[in-house]
Structures are given as structure tokens and as C-alpha cells.
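Reader: I'd like to learn to read a fold like this one, feature by feature. Can you walk me through it?

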Amino acid sequence: MYDHIGLRVADLDAATRFYTAVLAPLGYVLCSSGDGYAGFGPKGEPGLWLHLNKGRKADGAHIAFRAGNHDAVKAFHSEGLKSGGRDNGGAGPRKDYSPTYYAAFLIDPDGNNVEAVCV
């Protein structure tokens, strides 16, 4: 549905560590980085871009990443907590979304709500 998403971050190093940790269980890697930016996705295909924001703090966004299975959702949540994220809903079923919806939610270091979901 989308080509890429860009998030403004206050601390690029902290955000890069966080997304490197939480996206690894989902099969995504740091594909590109430079002065003021980092791009994540499947190898060679970044779809999530982090940009250093030197201005005012941006309002939080919501991003949901597809996970291949429940274990990947659990690892996403666990790695996120170890890497500076805050719990916003542990790994588990969300039957109010759909009968097979299984997800975990984190707040990243910049206040964005980040989800891993396996349907």
C-alpha cells in the first residue's frame, strides 16, 4: 500500500538502535544510513526512513509491521523493551480486531506507537 514512511527522531543513534533491535525478528535490517538519516527494510529495499529532527518534537505516529509468526511478535516486543521502548500492549491475541489478530505494541524513544502483527 505504501512505498515508504519517514519518521522524525530527536536522537538518531537511539532510534537506530531501537529499530535495529525490534525489526530484526521481523526480518528487516538497516539498509542505508548517513548524516541525519537511516533506512530500514528488506535488504536493499528500505521502506522506513528515520530523519534527525532538529526542530520541535513531532506528534507521534502509528506504524504496524507484519510479522511471520507469533514468536516474531514476541521477540519484537522483548527486543523493543531492552532497546529503550515502552510497553504499550504485550504480545497476544486481539480478538476485538479480528479472530486471528496477534500483536504487540511499543512506544519508541520518540513517542511513536509501533506494532508488530501476525494475522
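Author: Buried here is under 20% relative accessible area, exposed is over 50%, and partly exposed lies in between, with a 1.4 Å probe and protein chains only. Before we go on: this is a predicted model, where local features need pLDDT of at least 70, side-chain atom pairs count only at pLDDT 80 or more, and totals for chains, interfaces and linings use all residues. Residues are numbered from 1 along each chain as its sequence is written, and side-chain values use heavy atoms, with hydrogens and water left out.

Reader: Why do we list the residues of a strand by side?

Author: In a regular strand, side chains alternate between the two faces of the sheet. In our case, six of the six residues of β9 (residues 113-118) are buried, so this strand is largely enclosed by the rest of the structure.

Reader: Which strands are joined to β9 by bridges?

Author: The rule is that two strands pair if DSSP finds at least two bridges between them. Strands (E, at least two residues) and helices (H or I, at least four) are DSSP runs, numbered from the N terminus. Here β5 (residues 62-66) runs parallel to β9, joined by five bridges, and Arg66 stands opposite Val117. β8 and β9 form a hairpin with five residues between them, and Gly111 in the turn has a positive phi of about 90°.

Reader: What is the strand order in the open sheet of four strands?

Author: That order is β1-β4-β3-β2, with mixed pairing. The edge strands, β1 (5-9) and β2 (29-34), each pair on one side only. β2 and β3 (residues 37-41) run antiparallel with five bridges, and Gly34 has Tyr37 as its bridge partner in β3.

Reader: How do I read the core?

Author: A nonpolar core is a set of buried Ala, Val, Leu, Ile, Met, Phe, Trp, Tyr and Cys residues joined through side-chain atoms within 4.5 Å. The largest one has 25 residues, and Tyr19, Leu23, Leu26, Leu48, Leu50, Phe65 and Phe76 touch the most other members. Helix α1 (12-23) gives the most to this core, with six residues.

Reader: What does Phe76 touch?

Author: Contact means heavy atoms within 4.5 Å. Not counting residues up to four places away in sequence, Phe76 touches Val22, Pro25, Leu26, Phe65, Ala104, Leu106, Val114, Glu115 and Ala116.

Reader: And is Phe18 buried or exposed?

Author: Phe18, in helix α1, has 0% relative accessibility and so counts as buried. Beyond its neighbours within four places in sequence, its contacts include Gly80, Ser83, Leu106, Asp108 and Val114. Phe18 and Gly80 are 62 residues apart in sequence, yet their C-alpha atoms are 6.3 Å apart in space.

Reader: Last one: how much space lies in the largest pocket?

Author: Rolling a probe the size of a water molecule over the atoms shows where empty space is left. The largest pocket holds about 360 Å³. Of its 16 lining residues, the closest to the centre are Tyr2, Tyr28, Ala64, Phe65 and Arg66. β5 supplies the largest share of that lining, three residues. For the cut-offs, a pocket is an open set of points on a 1 Å grid over the protein atoms alone, where a 1.4 Å probe fits, with protein on both sides within 12 Å along at least five of seven lines; lining residues have an atom within 4 Å of a point. Points are joined across faces, edges and corners, and the volume is the space filled by probe spheres set on them.
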